[in-house]
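Student: I have a model open and would like to go through it with you. Can we take it piece by piece?
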Amino acid sequence: MNKSILVSVVSLMSLAVACTQNSQDLSTPQPAPVTSSVYTEATAEPATAAPAPSGAGARTANATTAQQQEVLQYINQARSKPCQCGSTTYPAVPSLTLNAQLNAASDKHAVDMATYNYFSHTGRDGSRPWDRMTREGYVWRAAGENIAAGYTTPRAVVDGWLKSPGHCANIMSANFKEIGIGYGYSTTSTYKHYWVTDFGTKR
């Protein structure tokens, strides 16, 4: 049985429609999401980038442009209309745009999780999502992250996030203007497919 898990780093929470697509066959077991919530805003002092991890190990897959555009499309479709995330209904918000620095932060973390078989917002070097954004040169004032594992398609992973209140809140947050999308795959890892979305707004 295909096991899937996901975790979010969540932003601030602030009328009602379903925002997921019933695109999967009903015979396919639905993953049971697990979540964690963290949010950060920039302080007066700029964040210090964590040291980069070792590049050792096979980088088995990276997000393709097609994958990134498909995930972005589904996320912006959700943002284009009111969406209920748990008990909170969020209004429609402007579309996110892809940012190359956030793409790099997301993709490197997804590939690292797939390559070294772990699942966490904290990297092997101790970095948090905003550390990895800073490392790529993204100067943020708001930052968040969703991660997932075990989902095999962009549609499935976005639907999984939208069904989880914490991840959905990140997707629908008006505090974010840009997004990075990462994907890693390894046949030897527990969940094989690893997804990362880094959300941000520049200072």
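Student: Where does asparagine 103 lie?

Tutor: Asparagine 103 lies in helix α2, residues 100-116. Helices here are DSSP runs of H or I with at least four residues, strands are runs of E with at least two, and both are numbered from the N terminus. This is a predicted model, in which local features need pLDDT of at least 70 and side-chain atom pairs count only at pLDDT 80 or more, while totals for chains, interfaces and linings use all residues. Residues are numbered from 1 along each chain as its sequence is written, and side-chain values use heavy atoms, with hydrogens and water left out.

Student: Is asparagine 103 buried or exposed?

Tutor: Asparagine 103 is buried, at a relative accessible area of 13%. Buried means under 20% relative accessible area, exposed means over 50%, and partly exposed is in between, with a 1.4 Å probe and protein chains only.

Student: And what does asparagine 103 touch?

Tutor: Leaving out residues up to four places away in sequence, asparagine 103 touches Gln68, Leu98, Ile179, Gly180 and Ile181. A contact means heavy atoms within 4.5 Å. For isoleucine 181, the backbone nitrogen lies 2.9 Å from a polar atom of the asparagine 103 side chain.

Student: Gly180 is on that list. What is the bridge partner of glycine 180 in β8?

Tutor: Aspartate 198 is the β8 bridge partner of glycine 180. Strand β7, residues 178-185, pairs with β8 in the antiparallel sense over eight bridges. Two strands pair if DSSP finds at least two bridges between them.

Student: Which other strand pairs with β8?

Tutor: Strand β6, residues 140-149, pairs with β8 in the antiparallel sense over nine bridges. There, alanine 149 has tyrosine 194 of β8 as its bridge partner.

Student: Why is β8 called largely enclosed?

Tutor: Because nine of the ten residues of β8, residues 193-202, are buried. Histidine 193 is in this strand and counts as buried at 14% relative accessibility. Among the residues that histidine 193 touches are Ala148, Ala149, Tyr183 and Tyr185, with residues up to four places away in sequence not counted.

Student: Switching topic: how many aromatic pairs are there?

Tutor: The structure holds two aromatic pairs. One of them is tyrosine 183 with tryptophan 195, a tilted pair at 4.5 Å centre to centre and 50° between the planes. Rings of Phe, Tyr and Trp (its six-membered ring) pair if their centres lie within 6.5 Å; planes under 30 degrees apart count as stacked, over 60 as edge-to-face and the rest as tilted.

Student: What about the largest nonpolar core, which residues have the most contacts inside it?

Tutor: Val158, Ile171, Met172 and Trp195, in a core of 29 residues. Elements giving two or more residues to this core include α1 (65-79), α4 (154-162), β7 and β8. Apart from it lies another core, of nine residues, including Ala114 and Val196. A nonpolar core is a set of buried Ala, Val, Leu, Ile, Met, Phe, Trp, Tyr and Cys residues joined through side-chain atoms within 4.5 Å.

Student: Last one: how many helices and strands does the chain have?

Tutor: Five helices and eight strands. Of its 203 residues, 49% count as buried.

How values were computed:
Polar contact = N/O pair within 3.5 Å; in protein donor to acceptor, adjacent residues only side chain to side chain.
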